[in-house]
Amino acid sequence: MKNYLLAIGVNEYESNRFKTLSNAESDTQKLIKILEERYGFEELRYLLGEEASRKNIVNSFIELKHLDEESNLILFFAGHGEMDPDTERGYLVPYDGTERAEWISYTTLLHDYLTLIKSKHVLLILDCCFSGSFITRGGGSLRGRNDSYDKRYLQSSRYLLASGGKEPVSDGREESPFFQRLKMYLEENTKAKFAVSELGAELKKKVGEDVLQQPICEPIQELKNHVAGGEFVFFLKNEFVEDKDGATEDDFEYDLQINDDFDLYLNDLGIKITHSKVPEVNLVDLFVPPDFSLDRSKDGKGKLKTYVFDKIITKDKNIYLGEDKSGKTTLAKRLFCSKYIESFIPVIVRGKNVRKPDKKTIISLVEKGLLEQYNLSKDKAKKLAKDAQKIVVIIDDYDGINLKENKFRLLFFKNLSSTYKHVHVFSSPAIRLDALDDSSICSEAYSEYSMYTILPLGHLKREEIVKKWYFLGEKEGIESADEVFWSKVDLAKSQIKNALGRNYVPSYPLFIITLLQSLEGNVQKPEYTLHGFYYELLINNALSNVLKETNDISFYHNYMTNLAFFLYENGDTSIEFQEFKEFHNLYSEKFSIPSTYEPKSTLGYLERAKLLVVKGSVIDVKYKYIFYFFLAKFFADNLNSSEPFDTDKENALCQYNGKTYGEMVRGNISKMCKKLHVEKYSSIVMFLTHLSKDKFIIKQVLKITNELFESVSEANLDKDVAPINKLIEHVPKKIIERKSQDTIRKERNQEKDSIDMLEKEFNDEAEFIEPIGIGEDLYEDDFGDLDMFSEYNFAFKAIEILGQIAKKHWGALTGGEKEEIIKCACDLTLRTNTYFFDKILENKIALIREIESILKKDLVLKKGLPQEIEEATRQYIFDLCSMITYGIITKLGASIGYKKLQNSMDALVNKNPNNANKIIQIAFSTSYGVLPSSVMDQIAKEFENNYLPFSVLRRIVVNYIYMFPVSSNKRQKIFHAFHIEEKAQIVIGKNSKIKIKN
C-alpha cells in the first residue's frame, strides 16, 4: 500500500481579472508536510504559483493513470474556483486561465481524468469557491457505509471533500477557514485510523460555526467503470499513535451494517407513489429539506430568521416542532442517514415505545433500536448502547409517548440528556406546554435544547420538488432542461399554487407529492377537475388511514358535506359539542343512519382523520380547505335541488324560507360572486368551479366581471397612450445579465418567499381573524365603498376564476363559450389598465412634483441639472406605467394562458387585432413557454414608435428569455428587435474585488 499526493496551490494569477489570494500556496505546502510526516504520503508532485498552468495540471492528471491498483491518492487544489451561471457547472482556474475555455471543468476532471485512475482510493480535496458543484447526485442505500475501517478500506472509493457548496468561500487571514480546521484535525488526531467521513463531519460542524460556508463530504457516484462502496481511510504513523485501542480496533468496534428491512424503511416515502419513468420512487429521489425557525428569532433587518437543515443538525441537542403531515418522520430518517454517514451511531426510538422515564429503560430502548436497525448480536448491541459519545438518539413522534403526566415526561427528558450527548426529538408544538413548567426539573430538562419549528415549503422549495419529480429517470443535469421541461414545471407549480390556495392546505411535501402524483396519473373522476379530485384524494387518504371499513368513506364524505352547511348556517366553523349532537341527530334521521354511528365515535374518526379538531368542548375544522371544499360540495350537489328550504336560524338565510334549496344555493352563489375581493367567498366560488360544470356558476362570474369598471373603456394601447408616450423621447436600450433559467427562477422564488414570510408575520401578529362562516357582509351592497386596492383585488380574483373555468372545462365548453370567457377576462384586464392610466393622468402634475422633489435630493449631490431632473422624472412615470401594464397583462396571461385554449385566444385577436390584444396574445403563449416568431419579425417593428406597448412587449420577451431556454440564433434576433444588450453575470467568488469577510 502506498499513499500519494498531488497538490496544487495558486495565490497570484496571470490575469488581473482574479484577485490575489493570501493563503492558497502556503496552505498547500503545510498540507504536504503534515501528510508526509504524520501519514506516510509520498509527494507525487506539487504545483505552486505559475507552475500551476493548465498544461502542467492536465499533464499531472494524465500521469496519475500509471498508479497501481493498491495505491491511495489525494488530489488537493487551493485557488480560484468559478461557476458558469448558465449551467451551474464548476471550474478549477489554473494560473494562466484567463478565459472560461482555459479553465478545467469539473465534468472534464471527473470523466476525462478521474475515470482513468486505477488507485483503490482517491480523495479529491478542493478549497475553492463553488467546489460543491462537483457533486450532482447523492443518497442511496446506507448498507455497508459504516463497516469497520478494514472492510471500508477493502472496497475502492472516490470521495470529494469540498470547502463549500455552490457558494463563494473565504480565503481567510493566515489560513483559509476550511484549511485551518483540516490542518487542526490532521495534526491533533492520535487514532491509528479514521475515515474521511469522520473528518468531513468535523469540518462540516466546525467550519460551519466559523464562517458562512458549509463544507461537503460525499462519495463521487458518477464515475464510469467504478463501483463505489468503500471509503478513504487515513492511517497515522505508529510513532504518533496514542489511542492504542484505536490502533487495533476502530472506534466502532463492530461492523455496523444496516439491517436490510430498516434500510428499506429509511428509503420509503411513506406513501405509495408511482412514476411513469422509474419503477420505484424512493425518499431520497424527492427529498427537499424544509427551512426552520428558532423561537421567532429575527435577523438584522427585522425579518423572521430561517435556518437550514444541514446546519442545525450539527448541534448536539435539538427539538424539531412540526404540525401533522409536516414531514417529521422523513426528517428523522434523513437525520439518521446523515449521522450514519458521519460515522456516528444513530438510533431511532419511537415515542409510543417510551413507557418509563428512568435511565435503565432509556438505554434498553436504545439497545432494542440497535438490534432492530443494525445487524448486531445482543451482546454487541448491549455494549454499544452505553456509548454516550457515539450514539445519536432520534425520538420520532414524541407525542405518542406513554407518559401522561408532565413530571414524568420532564424526567424522561432530563435522564435522556444526561445519558447521551447527542439527542434529537421530533414532536408537535404541544411539547411547548411541557416546557412552560416553572419547576427546576423543567429547566434542567430543556436547557440544553434548541427548539426549531418546521416551516411549510415556500416557492423555492416547492419548485425543487417539482424539478426532482420531472427529472426522475433522466440522465442529464438541470443544464440540459429544455422548453418542454420548464413548461411542465410551470404548469405543475401553477396547479400546486392554486391547490394550496392561501393556506387552504399546508405547503408540506406530502401534499405536494400527492398532487404531482395526481398530475402524473391523470386518474381523477370525470365529473371533477384535477383540483376537485386532489382535495377528495387528500380527504380519502385521511379517512382511509383511520377507518376500519373503506365502505364508510362515502358516509363521512356526505356527513362532512352536510356539516359544512350546518356550520355555514350557524355563521361560524366552531360549535359546541351539544350543537354537534343536534346536527348528528338531524343528519341520522334524514339519511336513516344506524344508531351504531353515534356522535362521539363519529367525531372521534373525523378528529383522528384530521378533518375536525376538538379543543375541550369546542369543535372546529382543521384546515380552511376542508370547510371550503365541503361547503362548495354542498352547493354543487344542491344547485338545482327542488327540496323545500327552511331554517330557524336568525340570519340572512331566512329570506329563502319557503323556497327551494336550489334557489337558496343559487342566491348565495350570486352574492358570493359579488364579493370576490373577500377571500372566503372567492375561495368557495373557486372550489365550486372545480366541483361543478353547471353553467349557472359561469354565467354569474361573467355577469359580475362585465359589471366591474363598466364606466371605463378598454385600453387598446394605441392613441389612448399618446400622453404617456410623450413623457420620453425614445425607449432606452435595455441591459440584461446573462443568467441560467434555474438561477433566475431561484432568485424569483426567494423574492416570493420573502413576501410570503412578511405576510405570514403580519397575519400571525394580527389580533382579529375573520370567521370562515357566513357573515352579514355577504348581504350588504354589492360593491359597497371599495377602495382602489380592493377594486384591483376584485378584478384580479375574477380574472383568476375565469382562467380556472376556461382551463378546467376547456373540453366541455363550446368554442363560443371559451371565446366569451377569454374576451371577458381580457376586457376586464384592459379596463383595469385604463382605470390605472386615468388615475395617473388625473394626478400627473402632483406626481411629477413629488418625484422631482425626491430626485432633487439625490441629484443635487451629483451636481444634477434641472433638465436632468425633469427627464428622470418623466422617465420614472413612463416606467411606472409600463411596469403596471406589464404586471396586469402578465397576470392575465398566467391566469388564462393554456396551450389547449390557444385557438380561442387567436380567434379573439383575429376579430379585434388591436395593440393590446396582440400583447395579451403573446403573454398568453409565453406563459406556457412559446414565443411566436412573429414577435421579432413583425410586431416589434409595428410597436417601435409606440413607446409604451413596445416597452411592455420587451418586458414580456425579457422575462421569456430568463424563464425558458432560447437558442443563440433566436436570442440574437430578439436582442436586435428590442434593443437589448446582454452582459455576462458577475459571479462573486475568490476572484471578486468584493472582500468576503471571515
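Biologist: What should I know about the model before I start?

Modeller: The model is predicted, so local features need pLDDT of at least 70, side-chain atom pairs count only at pLDDT 80 or more, and totals for chains, interfaces and linings use all residues. Residues are numbered from 1 along each chain as its sequence is written, and side-chain values use heavy atoms, with hydrogens and water left out.

Biologist: How many salt bridges does a search of the whole structure find?

Modeller: Side chains of opposite charge can pair when their charged atoms come close. A salt bridge means a side-chain nitrogen of Lys or Arg within 4 Å of a carboxyl oxygen of Asp or Glu. The search finds 21 here. One of them joins Glu448 and Lys317, at 3.4 Å from N to O. Glu448 sits in the loop between helix 16 (440–446) and strand 18 (450–454), while Lys317 is in strand 14 (residues 317–321), 131 residues apart. Helices (H or I, at least four residues) and strands (E, at least two) are DSSP runs, numbered from the N terminus.

Biologist: Are Glu448 and Lys317 buried or exposed?

Modeller: Buried means under 20% relative accessible area, exposed over 50%, and partly exposed in between (1.4 Å probe, protein chains only). Lys317 has 7%, so Lys317 is buried. Glu448 has 45%, so Glu448 is partly exposed.

Biologist: Which residues are linked in a network of salt bridges?

Modeller: Lys30, Glu175 and Lys183 are. Lys183 is also among the buried residues of helix 5.

Biologist: What span does helix 5 reach?

Modeller: The expected span is 1.5 Å times one less than the number of residues. Helix 5 (residues 177–188) has 12 residues and reaches 17 Å from its first C-alpha to its last, close to the expected 16 Å.

Biologist: Now a strand. Which residues lie on each side of strand 17?

Modeller: In a regular strand the side chains alternate between the two faces of the sheet. In strand 17, one side has His422, His424 and Phe426, and the other has Val423, Val425 and Ser427. These residues are all buried, so both faces are covered.

Biologist: Which strands pair with strand 17?

Modeller: Two strands pair if DSSP finds at least two bridges between them. Strand 14 runs parallel to strand 17, with 5 bridges. Leu321 has Ser427 as its bridge partner. Strand 16 (residues 391–396) also pairs with strand 17 in the parallel sense, over 4 bridges. There, Val393 partners Val423.
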